[in-house]
Amino acid sequence: MQKEMIALLPAIRRFAYSLTGSVHDADDLLQSTVERVLAKGVPDDVDLKKWMFRVCKNIFIDDYRARKVRLKAAEQPELREASVVDGESIVQAHIRLKEVHAAMAELPDDQRTVISMVAIQGLPFKEVAEILEIPLGTVMSRLGRARAFLTSRFKQQPERSPA
Amino acid sequence: MTISDEKLSSFLNGSLPEDEMATIRTLLNSDEGLMKRLEQMSQTDEILIKAYSKIDDLPLPSDLQARIDASLHYTNKSSRSKLSLIDQLHLFLKQHAVAATSLALVAGIGVTQVLTTEGVSNVPFGQTEIASVLEASVSGQPYELTDGTTLAPRLTFTNVDGNYCRQFNLASDTTASQNIACRNENEWQLVATFYSGTGIGEAPYQTASGGTALDFIIDGIISGGPLSKDEESIAIGSKWNKSIQQQ
């Protein structure tokens, strides 16, 4: 299981990042996910990948509900991700990241989770439905609403051209 | 015809029934507004991927990597130790696809049948002469039992449960075997026997890797390396009592 888990870390980390909007929080969430999976084990009838995504999502939601912090992560200057970007247009990229995080943070948890899994991770609907234990139709409707909302937000704030 | 966001989103993923996919494809040819919505939705995905893939370029913080490594290492050790010795042996047999016809796994509380060179004994292993020799004799030299059998302790190690184990060979004129016994609840218990030949004079069974037949089992249950000669002598001197050794 160890090798498989290690191979999954980048995907879980990216998922955690899309949920939290903060590299620091994403790494905390990744660590919590690994520890939880190792401590509780994986049911025989569930594959590790699906289980890790589910655990990650659950920890995020539990944590979010407990602390009400992550929703505002993108709005807090101290949590911005200047270190994530580099190269020629740090400022422009920073603004784009901030916008993306802010828009994602406005989504309800259930929609954010689905769009993270489908759009960012590229998981098939069926797999997402199994991970989240929801009907396929629910995956499609949440995804549709999330995409529509984000699309409208990104239209309002078109991507800047490099100076 | 109005296409909902949900439908368009599912179309983007190619997840609609084929007839609905075909309908939307047809509409896209004539409905510029629909095409624009689709493009914008697609661009939204690209923006998300671009934004959140940036974390892939960042290495895991070293302290986080260390904590994860430690968690994985700790869990590996502890999960192995949760298995009983017999379960570990069976697991390794299964994993290594070893022909079990010549290998006997006899571990378990209450198992009193002891495989000796003379056949099956009803005497508990812990009360046999073999156990007495294992209790008090160092590895590397042969000991002759009263029935003429030669017992040769080969090495001593600690298993993942923290118990001492010894690998030893038994040989008589008619039979030869390699064995593992582990000390549990203050007595030696035989956990594995591999019949390696018909008796003295036959070359001992060797695996392809050059080890003995039971080496792969030892690899699966050993914690750390074999005890050194000095460590083994200390263990014997303390009657295998670790608390005495630490004093």
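Start in chain B and select strands β4(B) and β5(B): they form a hairpin with 5 residues between them. In that turn, G148(B) has a positive phi of about 95°. Helices (H or I, at least four residues) and strands (E, at least two) are DSSP runs, numbered from the N terminus.

The model is predicted: local features need pLDDT of at least 70, side-chain atom pairs count only at pLDDT 80 or more, and totals for chains, interfaces and linings use all residues. Residues are numbered from 1 along each chain as its sequence is written, while chains are lettered from A and ligands numbered from 1 in the order in which they are written.

**Strands of chain B**

Strand β4(B) covers residues 143–144 and β5(B) covers residues 150–158. The two run antiparallel, joined by 2 bridges. Strands pair if DSSP finds at least two bridges between them. Pick Y143(B): its bridge partner in β5(B) is L151(B).

Now keep L151(B) selected and look towards β6(B), where its bridge partner is L170(B). Strand β6(B) spans residues 164–171. It is antiparallel to β5(B), with 8 bridges between them. These strands also make a hairpin, with 5 residues between them. Which residue takes a positive phi in this hairpin? It is G162(B), near 85°.

**Helices of chain B**

Select residues 5–12 and 32–52 of chain B, which are helices α1(B) and α3(B). They pack at an angle of about 65°, with axes 10 Å apart. Axes are lines fitted to C-alpha atoms, for helices over the stretch in contact, and angles run from 0 to 180 degrees between N-to-C directions. The crossing is right-handed. A crossing is left-handed if the near helix is turned anticlockwise from the far one by less than a right angle, and right-handed if clockwise.

Show the side chains next. L8(B), S9(B) and L12(B) from α1(B) meet R37(B), L38(B), M41(B) and S42(B) from α3(B). By class, these contact residues are 4 nonpolar, 2 polar and 1 charged. Ala, Val, Leu, Ile, Met, Phe, Trp, Tyr, Cys and Pro count as nonpolar, Asp, Glu, Lys and Arg as charged, and the others, Gly among them, as polar.

Zoom out. Chain B holds 9 helices and 8 strands.

**Chain A**

Switch to chain A, which has 7 helices and 0 strands. Of its 163 residues, 40% count as buried (20 or more other C-beta atoms, placed from the backbone, within 10 Å of the residue's own).

Select α5(A), residues 109–120, and α6(A), residues 125–132. Their axes come within 10 Å and cross at roughly 140°. That makes α5(A) oblique to α6(A): angles under 35 degrees count as roughly parallel, over 145 as roughly antiparallel, 65 to 115 as roughly perpendicular and the rest as oblique. This crossing, too, is right-handed.

T113(A), V114(A), M117(A) and V118(A) in α5(A) meet F125(A), V128(A), I131(A) and L132(A) in α6(A). The contact has 7 nonpolar residues, 1 polar and no charged.

**The interface**

Terms used: Two residues are in contact if their C-beta atoms, placed from the backbone, lie within 7 Å. A residue is buried if 20 or more other C-beta atoms lie within 10 Å of its own, exposed if 12 or fewer, and partly exposed in between; C-beta atoms are placed from the backbone.
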